[in-house]
Amino acid sequence: MPRLNIASPEFHYDDADPEGFRAGMFRFGPRLGAKESGASVYELPPGQSICPYHYEYGEEEWLLVLDGTPTLRTPEGEAQIGPMEMVFFPTGPDGAHRVHNGTDATVRVLMFSTRKEVAVAVYPDSGKVGIFTGRKEDDVMVRKSSNVGYYDGEAS
């Protein structure tokens with residue numbers, strides 16, 4: 001069985017991430033051979049979030065706090081959670097969440113989820129929907145207000 005110690009991960013920071021969403025990521029599921037589940041350790045410097053408030057269709061997610069006290073936003077509101085606390089996010093609006101570090105210390109969390117080749121994420125605050133297909137050139141992020149009819153643009 002492949003093994004990996006996550007005590008001292010090498011985090012990757014994406015230079016394209018805007019201020020407020022600059023989290024380090026250590027994605028290790030593929031290193032261990034995972035195909036239908038995923039896991040990552042995130043490092044959140046003060047003032048940063050993993051990603052905007054969102055919910056998923058097709059993928060369940062879990063959050064385990066490793067170090068620090070991040071603020072978790074859910075449909076019920078905001079609350080700080082501490083080390084070794086675990087939260088489950090079901091698919092759909094009831095699973096909406098945002099993990100933010102509002103403290104002066106670095107926070108580390110582990111997130112793991114089911115993995116689907118095609119996934120959809122909804123971002124309620126900005127009115128966007130992301131469709132992730134497994135092929136970068138077919139992925140799309142759109143505003144819900146851009147909705148078009150099923151047959152729009154189709155030849156008869």
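User: How many salt bridges does the rule count?
Analyst: A salt bridge here is a side-chain nitrogen of Lys or Arg within 4 Å of a carboxyl oxygen of Asp or Glu. By this rule the count is 5.

User: What kind of model are these values computed from?
Analyst: Residues are numbered from 1 along each chain as its sequence is written, and side-chain values use heavy atoms, without hydrogens and water. Local features need pLDDT of at least 70, side-chain atom pairs count only at pLDDT 80 or more, and totals for chains, interfaces and linings use all residues, because this is a predicted model.

User: Which residue forms a salt bridge with Arg108?
Analyst: The closest N and O atoms of the pair are 3.2 Å apart. The pair links distant parts of the chain, 65 residues apart: Arg108 sits in strand 9 (residues 107-114), its partner in strand 2 (residues 37-44). Strands are DSSP runs of E with at least two residues and helices are runs of H or I with at least four, numbered from the N terminus. The partner of Arg108 is Glu43.

User: Is Glu43 buried or exposed?
Analyst: Buried means under 20% relative accessible area, exposed over 50%, and partly exposed in between (1.4 Å probe, protein chains only). Arg108, at 22%, counts as partly exposed. Glu43 has a relative accessible area of 16%, so Glu43 is buried.

User: Where does the salt-bridge partner of Arg73 lie in the chain?
Analyst: Arg73 forms its salt bridge with Asp125, the closest N and O atoms being 2.6 Å apart. Arg73 is in strand 5, and Asp125 is 52 residues away, in the loop between strand 10 (119-123) and strand 11 (128-132).

User: Is Asp125 buried or exposed?
Analyst: Arg73, at 24% relative accessibility, counts as partly exposed. Asp125 reaches 55%, so Asp125 counts as exposed.

User: Which residues do salt bridges with shared partners join into one network?
Analyst: Glu137 forms a salt bridge with Arg135, the closest N and O atoms being 2.8 Å apart. Glu137 is exposed at 59% relative accessibility, and Arg135 is partly exposed at 45%. Shared partners give one network of Arg135, Glu137 and Asp138.

User: Which residue of strand 6 is the bridge partner of Arg73?
Analyst: Two strands pair if DSSP finds at least two bridges between them. Strand 5 (residues 71-74) and strand 6 (residues 77-80) pair antiparallel over 4 bridges. They form a hairpin with 2 residues between them. In strand 6, Arg73 has the bridge partner Glu78.

User: Which residue of strand 8 is the bridge partner of Arg73?
Analyst: Strand 5 and strand 8 (residues 98-100) run antiparallel, joined by 3 bridges. Thr71 has His100 as its bridge partner there. For Arg73, the partner in strand 8 is Arg98.

User: Which strands stand at the edges of the open sheet of 3 strands?
Analyst: The order in this sheet is 6-5-8, with antiparallel pairing. The edge strands have a single partner strand each, so one side of each is left without a neighbour in the sheet; they are strand 6 and strand 8.

User: What is the average twist from one strand to the next in the open sheet of 4 strands?
Analyst: This sheet has the order 3-10-11-12 and antiparallel pairing. Axes are lines fitted to C-alpha atoms (for helices over the stretch in contact), and angles run from 0 to 180 degrees between N-to-C directions. The twist averages 20°.

User: Which residue of strand 11 stands opposite Val122?
Analyst: Strand 10 and strand 11 pair antiparallel over 5 bridges. Opposite Val122 stands Val129.
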